[in-house]
Amino acid sequence: MNLVESPAWQALSSHASTLRQRHLRTLFADDAERFARFSRQHDGLLLDFSKQRIDAETHRLLLDLATRADVDGWKQKMLAGTTINHTENRAVRHIALRAGPLAPAEVRCVLERMQACCESIHSGSWRGYAGEHITDVVNIGIGGSDLGPRMATRALAAQQQPDLRVHFVANVDGADIAPLLARLNPRSTLFIVASKTFTTQETLTNAATARNWLLAAAGDEAAVARHFIAISSDRQRTRQFGITDDNVFEIWDWVGGRFSLWSAIGLSLALAVGWRQFEQLLAGARSMDAHFINAPAADNLPLTLALLSLWNTDFLGAGSAAVLPYSHSLQLLPAWLQQLEMESNGKRTDRAGQPIPVPTSPIIWGDAGTSGQHSFYQLLHQGGQLVPCDFIALREADFPLPGHHQPLLANCLAQSAALAFGQDADELRAAGVAESLLPYKLFPGNQPSSTLLLPALNAYNLGQLLALYEHKVFCLGVLWNLNAFDQWGVELGKQLAGRLAPLLAGDTDDSAFDSSTRGLLAALR
Ligand code: F6P
């Protein structure tokens, strides 16, 4: 029996038909203990999900569903190194990357080499071809080999190492790398080519451009050894590119790209913020791993986020979900989450190859508050679409300027309250709003949200936060009975691009393509 036909799913379906009629206003009015009932803490992190459109019965039924889906059993399989990524014949072991003293020897070995690399660059002992120390590091990667370190480097801007600038290049569009190279000095620039497969077109194109740029200045191939590091699981390809084995940091096939920040893919971040901070990031993630593994289902933060997402998507009908960090430094978190959630769970086929009869991953989007309030929040408040939101806020500011943090937090709390409770006609009349304007000024409310409070935006808390979402994504994959760790949906476009490139370079036989593609090719030629 599939999940949707299970009694647990059926019970939720019939419960949803009554709960859909209830407004958050009445849910709060009926339960004075709602915040206490629907908030949980772990290691300084607070999750308030009282503004979700659930009651105690919903919560109970969702937990039943998690039991029926055997989330605990799948968790044990992942931890035991079972090949749960069955379509790629791989285990899923990113938790091992941050297991500290319990990490496998191969992981500890790479971490030690990363630490040594950081120390030699920070101390100035790593020298470029002309004897200068490194002032700029460029991470060349895309997807999981870019978004994680880029987002985390931005998030930890307050902890930035002095005298070392870290840049990120991802897009094959020359507009990404060209202006950056124009500002850099080849004698003091180090490139990290981050690609698990070392076959990704964008990354290899940018890496080749960077290599040519370096060699144009250095005039000697030997310079590559002092200016290029690779992070990859394919030694043959890194050698072919000319990167010496001493400068290659290994990543294993059991680390999915979107789960790889904790591996050598995090080297650019470690260089940006220092080794101690990187270790703190791993420690924060480890704390969340222990919570995820050991906490009972009803208190389990990742499972709670997953169940709420499933509830909103499959029972309330939300097609998207917004991530709204009230932290400028977390501005890139939605982009990282887009890959994590949508590349993992944006699938319509279950583990047995059968169609999944319900919607899976919602479209993830968002931006930092308060900026978003002055653009897309209009739709959240009055657009009539159900968009569950995750608000994320920091108790302490990472850049504590007088007069800034309180307004930021006040806006965060104001928005989740306004979205939940809205403003009805009586309240508008009482506020003196003219009858003719009432329809325009009404706020229907009932927009669900959760709020995550972090003590501060340090590496430890960031590690907790990111691991929280990783495990949420795992739980959702289990609930939908899909393989969250493959990504076959990215392949077709890559293949077609490979066939189209020669046509743009001069080949003329475009007969295999449709008339639209042929028309566009002709226009481009
Ligand atoms: O094309 C998608 C993808 O495979 C992602 O899953 C991955 O994070 C990204 O490309 C980069 O892959 P690589 O690290 O092998 O260059």
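## The ligand and its pocket

On a 1 Å grid laid over the protein atoms alone, a pocket is an open set of points with protein on both sides within 12 Å along at least five of seven lines, whereas a cavity is a set of points where a 1.4 Å probe fits but cannot get out. A molecule sits in a pocket or cavity if more than half of its atoms lie within 2 Å of its grid points. In this structure, the space taken by the ligand is the largest pocket. The model is a predicted one, in which local features need pLDDT of at least 70 and side-chain atom pairs count only at pLDDT 80 or more, while totals for chains, interfaces and linings use all residues. Residues are numbered from 1 along each chain as its sequence is written, and side-chain values use heavy atoms, with hydrogens and water left out.

There are 14 residues around the ligand, and G144, S145, S195, T197 and T200 come nearest; a residue is near a molecule if one of its heavy atoms lies within 4 Å of it. This shell is made up of two nonpolar, nine polar and three charged residues. In this grouping, Ala, Val, Leu, Ile, Met, Phe, Trp, Tyr, Cys and Pro count as nonpolar, Asp, Glu, Lys and Arg as charged, and the others, Gly among them, as polar.

K196 places a polar backbone atom 2.8 Å from an oxygen atom of the ligand. In E343, an N or O atom of the side chain is 2.8 Å from a ligand oxygen atom. For K494, the distance from a polar side-chain atom to an oxygen atom of the ligand is 2.9 Å. On its own, the ligand has 390 Å² of accessible area, of which the protein covers 87%. Such areas come from the Shrake-Rupley method with a 1.4 Å probe, and for residues only the protein chains shown count as cover.

## Backbone features in loops

Most residues other than glycine have a negative phi, and most peptide bonds are trans. N446 is not a glycine, yet its phi is positive, at about 65°. This residue lies in the loop between α19 (438–441) and β11 (449–454); helices (H or I, at least four residues) and strands (E, at least two) are DSSP runs, numbered from the N terminus. N446 counts as buried because its relative accessible area is 12%, where buried means under 20%, exposed over 50% and partly exposed in between (1.4 Å probe, protein chains only).

N481 also has a positive phi, near 55°, and is a residue other than glycine. Its loop runs between α20 (459–479) and α21 (491–505). With 32% relative accessibility, N481 is partly exposed. The peptide bond from G369 to T370 is cis, with omega near 10°, and T370 belongs to the loop between β9 and α16 (377–382).

## Side chain and surface

N247 lies in the loop between α11 (235–241) and β7 (248–250). Its relative accessibility is 9%, so N247 counts as buried. A polar atom of its side chain is 2.6 Å from the backbone oxygen of A225.

## Positions along the chain and in space

T87 is in the loop between α5 (71–79) and α6 (105–123), and at 35% relative accessibility T87 is partly exposed. T87 and N483 are 396 residues apart in sequence, while their C-alpha atoms are 7.9 Å apart in space. H42 is part of strand β1 (residues 39–42) and is buried, at 16% relative accessibility.

G353 is in the loop between α15 (333–345) and β9 (363–366), and its relative accessibility of 47% makes G353 partly exposed. From G353 to V138, the separation is 215 residues in sequence and 41 Å in space, C-alpha to C-alpha.

Terms used. A polar contact is a pair of N or O atoms within 3.5 Å; within protein, one must be able to donate a hydrogen and the other to accept it, and residues adjacent in sequence count only if both atoms are side-chain atoms. On a 1 Å grid over the protein atoms alone, a cavity is a set of points where a 1.4 Å probe fits but cannot get out, and a pocket is an open set with protein on both sides within 12 Å along at least five of seven lines; lining residues have an atom within 4 Å of a point.
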